[in-house]
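Thank you all for coming. I would like to walk you through one protein model this morning, going from a single residue out to the strands around it.

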Amino acid sequence: MLIAAPCVVSLTWQLTDGQNRPIDELAEPVEFFYGGDDLLAPIEQALQGHAEGDSLQLHLEPEQAFGDYRAELVCFEDRALFPETLETGMAFEGLPAGHKTPGMPADAVYIVTEIYPSHVVLDGNHPLAGMSLRLELKVRDVREATEEETAARRVGGSPVTVLGSAAAASGAARLH
């Protein structure tokens, strides 16, 4: 079966930065809904018309993947606004109640990048923002999408994520 919307593709991949430094590997096949919300548009475009067993190599510039890094999405908030147990890499959906930084997106996921006695540094950028990415994909299987998958425009419940961080667990670091 050739990849065409709507269908489900099972993929493995190796993701590196522009200098070929490893970022993520999906060694076991995972299913993605093709023609919906599971994959980045350039990945879908590259997969179009391919079949099981095909391999692809993609180079994505920041604007094709997770956008440019935006310094205005970094802020400092009072340490007292956060739980006692706090570690770098933790992710929060939105800023905490009582935050002081104006104009920050309420729906962003903020990653704790630094912790000081008086304040916490938060970054609302995607962890891969501003990076050129290289992706080696292998198509492991292609199948017809079920009615439920077609209606939901995705496969299953939780999204597959890039990076094994709290940001990834919250959905902030989705590759697709």
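Let me begin with a question: which residues does asparagine 125 touch, not counting residues up to four places away in sequence? Before I answer, please keep in mind that this is a predicted model, in which local features need pLDDT of at least 70 and side-chain atom pairs count only at pLDDT 80 or more, whereas totals for chains, interfaces and linings use all residues. Residues are numbered from 1 along each chain as its sequence is written, and side-chain values use heavy atoms, with hydrogens and water left out.

The answer is that asparagine 125 touches Asp68, Tyr69, Arg70, Leu73 and Val74, where contact means heavy atoms within 4.5 Å. Asparagine 125 sits in the loop between β7 and β8, and it counts as buried because its relative accessible area is 6%, the cut-offs being under 20% for buried, over 50% for exposed and partly exposed in between, with a 1.4 Å probe and protein chains only. A polar atom of the asparagine 125 side chain lies 2.9 Å from the backbone oxygen of arginine 70.

Serine 132 is found in that loop too, between β7 (119-123) and β8 (133-144). Is serine 132 buried or partly exposed? Serine 132 is partly exposed, because its relative accessible area is 21%. Leaving aside residues up to four places away in sequence, serine 132 touches Thr16, Asp17, Gly18, His59, Leu60, Glu61 and Pro62. With glutamate 61, the serine 132 side chain makes a side-chain polar contact of 3.0 Å, a polar contact being a pair of N or O atoms within 3.5 Å, of which, within protein, one must be able to donate a hydrogen and the other to accept it, while residues adjacent in sequence count only if both atoms are side-chain atoms. As for proline 62, its C-alpha atom is separated by 5.4 Å from that of serine 132, although the two residues are 70 residues apart along the chain.

Let me now turn to the strands. The protein chain has three helices and eight strands, where helices (H or I, at least four residues) and strands (E, at least two) are DSSP runs, numbered from the N terminus. Along the sequence they follow the pattern β-β-α-β-β-β-β-β-β-α-α.

Strand β1 (residues 7-17) is mostly covered, with 10 of its 11 residues buried. β1 pairs with strand β2 (residues 22-34) in the antiparallel sense over nine bridges, and two strands pair if DSSP finds at least two bridges between them. Cysteine 7 has tyrosine 34 in β2 as its bridge partner, and in the hairpin of β1 and β2, which has four residues between the strands, asparagine 20 takes a positive phi near 65°. β1 also runs antiparallel to β8, to which 11 bridges join it, and there the bridge partner of threonine 16 is arginine 134.

A further group of four strands forms an open, antiparallel sheet in the order β4-β7-β6-β5. β4 (74-78) and β5 (91-93) stand at the edges, each with a single partner strand, so one side of each is left without a neighbour in the sheet. Within this sheet, β4 and β7 pair over five bridges, and aspartate 78 has histidine 119 in β7 as its bridge partner.

For the chain as a whole, buried residues make up 42% of the 176 residues.
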